[in-house]
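Hello,

Here is the structure we talked about. Please look it over; my notes follow below.

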Amino acid sequence: SFACGLGSFNTLSTLAAQLVGPFGFNSDAASAFGVACTVGGVVGAAVMSVIVGLTGKHKPVLATCCVNCVIFSALATLTVVYLGNSSRGFTLLLVAFAGLGFSATPLMPISFEAAVVVGHPTGEGTLAGLCMSGGQVLGITQTLLIGELLQRNRATTAWMLSGGLFVVALLAVCLFNPKKEAFTLPDERSECDSHSEEPSSSA
């Protein structure tokens, strides 16, 4: 989910102007969409990180973010196709980009945290490298595919494909079913082990 979220986010931020251009939006509108995505991402990362910190529920939060990404990606696609460069279309597209930022940005830190906890004792550097490498590979691949579609004047198909990785991320989160103890932090595990050894040593 980290790689898919990062890949789609990089693709949308890289090709935002090219994606909205064929539907009548100018560079100023594309800049506005980028700002909305960034602001939504800052707010979303803060809110979702606090929720995970308070509840410790990684999978439900990741699933919620992925579902929202799919919904807002579909909203953006339907908006540009059926409303285009109208006042209503511009407003809905702003909402869609803000929603994508709000939902996609938290995928990256929360997925990385889940990977570190579940992957223990594998080093954080190794896990970070794998996550980032996967995101870059998927992002570059998706960017090239969408860029090729845009050059062939298939903007609608490009929009449909732009949300594809979010669907893959949702499937990955749904299939992600670690053992309950996997989400226990290493320090907490050592404390539990020490408490469990005390009775046996006293006996």
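Helices here are DSSP runs of H or I with at least four residues, strands are E runs of at least two, and both are numbered from the N terminus. The model is predicted: local features need pLDDT of at least 70, side-chain atom pairs count only at pLDDT 80 or more, and totals for chains, interfaces and linings use all residues. Residues are numbered from 1 along each chain as its sequence is written, and side-chain values use heavy atoms, with hydrogens and water left out.

**Overall**

The protein chain has 8 helices and 0 strands. Of its 203 residues, 38% are buried (under 20% relative accessible area; exposed is over 50%, partly exposed in between; 1.4 Å probe, protein chains only).

**Helix H7**

H7 covers residues 164-175. Its 12 residues reach 17 Å from first C-alpha to last, close to the 16 Å expected at 1.5 Å a residue (the expected span is 1.5 Å times one less than the number of residues). Leu 165, Phe 166, Ala 169 and Val 173 are its buried residues. They fall within an arc of 100 degrees seen down the axis, so they line one face of H7 (the arc is that of the directions from the helix axis to the C-beta atoms). Leu 171 and Leu 175 are exposed on the other side. The buried residues of H7 pack against H1, H3, H4, H5 and H6 (contact means heavy atoms within 4.5 Å).

**Ile 51**

Ile 51 sits in helix H2, residues 27-55. Ile 51 is partly exposed, at 34% relative accessible area.

Best wishes
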